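These are my notebook entries on one structure. I wrote down what I looked up, in the order I looked.

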Protein chains: 2
Amino acid sequence: MKHTPVKIDSTDSHALATASLENLYRIFTVPEAPNSTLGAIDKEISDNLMGFLTDRIVARERSLKAIEADFSDSDIPEVPQFVSDYTEFVLDKLVAQSVHTAAPGFIGHMATPLPHFMLPLSRIMVALNQNLVKIETSKAFTPLERQVLGMLHGLVYERNADFYADNLHNSRRALGSFCSGGTTANITALWVARNQMFRPDGDFQGLAREGIANAMLHAGYRKLAIVVSERGHYSLSKAADVLGIGRNNVISVPTDARSKIDLKALRATCARLQSEQVGIVSIVGIAGATETGQVDPLTEMAAIAADVGAHFHVDAAWGGPTLMSDTYKPILKGIELADSVTIDAHKQLYVPMGAGMVVFKDPQALGAVEHHAEYILRAGSKDLGQYSMEGSRPGMAMLVHAAFHIIGRKGYEIIIDQNVEKAKAFARMIDAHSDFELITDPELNILNYRYAPAAVQSRLASASSAEQMVINDVLDRANKRIQKQQRAAGKTFVSRTRFSQHRYGGQPVSVFRVVMANPMTTLETLRTILNEQCDLAQRDGTRAILSELDALA
Amino acid sequence: MKHTPVKIDSTDSHALATASLENLYRIFTVPEAPNSTLGAIDKEISDNLMGFLTDRIVARERSLKAIEADFSDSDIPEVPQFVSDYTEFVLDKLVAQSVHTAAPGFIGHMATPLPHFMLPLSRIMVALNQNLVKIETSKAFTPLERQVLGMLHGLVYERNADFYADNLHNSRRALGSFCSGGTTANITALWVARNQMFRPDGDFQGLAREGIANAMLHAGYRKLAIVVSERGHYSLSKAADVLGIGRNNVISVPTDARSKIDLKALRATCARLQSEQVGIVSIVGIAGATETGQVDPLTEMAAIAADVGAHFHVDAAWGGPTLMSDTYKPILKGIELADSVTIDAHKQLYVPMGAGMVVFKDPQALGAVEHHAEYILRAGSKDLGQYSMEGSRPGMAMLVHAAFHIIGRKGYEIIIDQNVEKAKAFARMIDAHSDFELITDPELNILNYRYAPAAVQSRLASASSAEQMVINDVLDRANKRIQKQQRAAGKTFVSRTRFSQHRYGGQPVSVFRVVMANPMTTLETLRTILNEQCDLAQRDGTRAILSELDALA
């Protein structure tokens, strides 16, 4: 790790070594000197983001326990610290022990590298420190956010120019809600769905006012349910808890061999729920499953939702931006029939962490969760806080606006196409390798595979279900070990997950998970990752696990 | 407004004027040239944050309609735009039309100015792009966030060193939850309170799993309620909606002449609810009311909550940092008895927008909302996402960590003391001015007042209740007009709100609201604000309103 901060304690303009009113003014008015430790780091990042990350993050993993020791003081420091000293701490203890999420060989998570222009634009956003909850503290940021939500709405629903002219800046309408992330977006969508299901009716003032219990009593439901395939994101279960529906009432529908929701099972599930007086709050389709990347048959799901009178939500947190690719957009066909769609900007829109969105087909849908206060959000105002679960919020929409303009639809198309094609190329590479088993052939840019020596694959093919279970257990442990060791070595990273496999009679199996979203990842990078896994498989610990298979033979 | 961007279209390294794979690589690898438009702006902010804000934000208000016109295209641009062109748009249309929340004369909102060191540190945070949902994408940021929550817990609960050694980094415990803001923090607190109230019991699997309706049936409640004074923040009503409790079931308790909850009324309310088989999910105390800044009698409220067996939450989003002042800390006495406490870092901790926190007295409380998934958040892991309502989240905790170290407890004490003292000085200034009526004498650093000419104040003093209502209506309209015109002029800003006044028999009255949190605000600034308001009161429109009073006489 490079370590060349210029420490200038004696003149460090922000030092508060003795806290005094005068010094405190200075932290608000005097900038970091360019030759100060923090000033130098600031320049280093500005000049070369990837260089900073590669040089300053220590690749090899330190134990979490050792890292925790550096963050174990539970007292707020009494005396102010020199900025230069604090910056050195940050470099040595925080930056060095962070995760290089932008490294081309780190293809196991949904964190993407950032375009360089995001850094100075983020500085403008932070410097302005606007609060999007109300116009009073955001002004132009409010129309900007409404525009960004409108653009996303247009991407999904493709309504005509008149529609957007009518709705984009209409204070009585909202095309979506900007959130801190996809989980909040999903909760918002289901919150709207739940409240729309129980609107005011005669003496009943609606669920928003009276609560769930009264609402169910009023409508004669025994339970409420959210219906989604077994590949649904865990945020849906969290939403069911938060919204008072209950985690047990997220009804999981089996998937077919391609990890897509089984439509017959979905129909049967809905029929059963209705016969049991269970109110279906929402059917949720997945467009880019977190674990496997698959897209549900959205058109057919929309028809089923319409049949049973349920809200149809699509969780496209990951896959949504695929709509910008003319080639792969057809995979998401039917998304335009959804009542609401979640798309994360901090995933495939290459925006920094903290930007999720949900758009609604009906610009009046968010009225179901509208709220007002005396000092802000007055009825009829354009304050965005009327329609958001969060209150005070930063101006992250600016960075989405920037990406839409600077990358453009065509730019995104190139990036997305390339990611999907790289995922398919990697799948062929895995398939061609005798010691790996391809588990999920990528539909978009996520895939699963596992280490399974050729001989073991042959045995599995002809084994009984009971034998398969024993063999898969051994492979699970071997693959877990390989994944952990690869992560600890710090050069490359794939994640792992576990889900049931049609080919093994529904047995759950531990697999590697690859998310192809870094434009800097090359086929060479992918070859290196496979080679490293083969090498790790030859280490004593993993060999010992695999040798259990010989004893079984 | 200065306008000196250096536009270098032909060499602008990030230009994607024709989208190509090669150009797309460049946005990830080639930094902004220092002499590019964006590079120059970046330097301008780094060199002089206040100068940038003052020079680049146009003071005088443009109509929202005119601003909206600049953000009215609903299509994602097809072709990439030059970064320099986009930056000019940002400067002209977004920055120029933002709100100068850091201006010393803008004392009407809770947005605070930022210490200079926040800018380069924010860049480090953005550059690292960590995702705090799990260790896999955050590593050192996870222990750092746990430490920050521990420090805040220590500030509130002052447990001993052993307690923090046991709990700070214990994967089965969580001292709090880091959120995007105070609203999410309040919802999280009440989510925990609701779920803890209905734990698994025999065949009943708990509210989290079974939902509210079953839980109420199991416990024999007719309704659930959240009890808070009439000064409670609107986020509590939002929480009641989200959590399925219902907005009607936020039971509002009257306040006394000082805007503090009426304890006798609170006791009576709780007794009534219990007799009506209403389950009290939480009693909520306020430490720094959004509108008036007052602090409820927390010790007594804690005792009442204990008596009725309800969770006691304190919303100290604004007032919490007062605990760092030895002088004013006693005002928050009793906060250490709360089961949970919300404190916003983007308010009086001077951290950029997007940082709220909630801490829990019991380190096992968050277990009531714990959740797991196969690919992350596995049981026993240290992933913070197990205990948060949000999923993917940025590393904002780093900026709180930085502020705690660089400003220090003593630094905060000086800032806070000075803010409170300035508020008190302003109150005396208002009181001494014959044409203003002080409405809320500041307990902390928020106060309310209104324009009311001396003669009108005398008339009010001797008027009947019906006459007061008529006079107050006239004053309401005059004050609204003054506030709007002051805001439009853009030199200074106070906000306005409306709440019932003991002195006028509970009549609601529109008042100015002042939040004293900018260290650069001086007594001279405050004098200017009053003078401007007097001048505005002399304008024809306001005089016409006030002249209605002569007709009444």
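**Entry 1**

Which residue in S5(A) is the bridge partner of Val284(A)? I found that it is His313(A). The model is predicted, so to speak of local features I need pLDDT of at least 70, and side-chain atom pairs count only at pLDDT 80 or more, while totals for chains, interfaces and linings use all residues. Residues are numbered from 1 along each chain as its sequence is written, and chains are lettered from A and ligands numbered from 1 in the order in which they are written.

I noted that S4(A) and S5(A) pair in the parallel sense over five bridges. Strands pair if DSSP finds at least two bridges between them. Helices (H or I, at least four residues) and strands (E, at least two) are DSSP runs, numbered from the N terminus.

On its other pairing, S5(A) runs parallel to S6(A), joined by three bridges. There Val314(A) stands opposite Val341(A) of S6(A).

I then checked how covered strand S5 (residues 311-315) of chain A is, and five of its five residues are buried. A residue is buried if 20 or more other C-beta atoms lie within 10 Å of its own, exposed if 12 or fewer, and partly exposed in between, with C-beta atoms placed from the backbone. His311(A), His313(A) and Asp315(A) point one way from S5(A), and Phe312(A) and Val314(A) point the other way.

**Entry 2: the whole sheet**

I traced seven strands of chain A in an open sheet, in the order S1-S7-S6-S5-S4-S2-S3, with mixed pairing. The edges are strand S1 (176-179) and strand S3 (250-253), each of which pairs on one side only. From one strand to the next the twist averages 20°.

S6(A) and S7(A) pair in the antiparallel sense over five bridges. Within that pair, Ile343(A) has Met357(A) in S7(A) as its bridge partner.

Helix H7 (residues 141-157) of chain A lies across S1, S6 and S7, at about 65° to S7(A). For such angles, axes are lines fitted to C-alpha atoms, for helices over the stretch in contact, and the angles run from 0 to 180 degrees between N-to-C directions.

**Entry 3: Lys347(A)**

Where does Lys347(A) lie? I located Lys347(A) in the loop between strand S6 (340-344) and strand S7 (356-360) of chain A. Lys347(A) counts as buried because it has 26 C-beta neighbours inside 10 Å. Leaving aside neighbours within four places in sequence, Lys347(A) is in contact with Met110(A), Thr112(A), Ala317(A) and Trp318(A). Two residues are in contact if their C-beta atoms, placed from the backbone, lie within 7 Å.

I also looked at the record: an unreviewed UniProt entry annotates Lys347(A) as "modified residue: N6-(pyridoxal phosphate)lysine". UniProt positions are given in the numbering used here, feature names are shortened, and annotations may be inferred rather than shown by experiment.

**Entry 4: Glu413(A)**

Glu413(A) lies in helix H16 (residues 408-432) of chain A. With 22 C-beta neighbours inside 10 Å, Glu413(A) counts as buried. Glu413(A) and Ser325(A) are 88 residues apart in sequence and 4.4 Å apart in space, C-alpha to C-alpha.

**Entry 5: two chains**

I laid chain B on chain A with an RMSD of 0.0 Å, by a turn of 180° and a shift of 0.0 Å along the axis. The two copies are therefore related as by a two-fold rotation axis. Such copies are superposed by least squares on the C-alpha atoms of residues with pLDDT of at least 70 in both.
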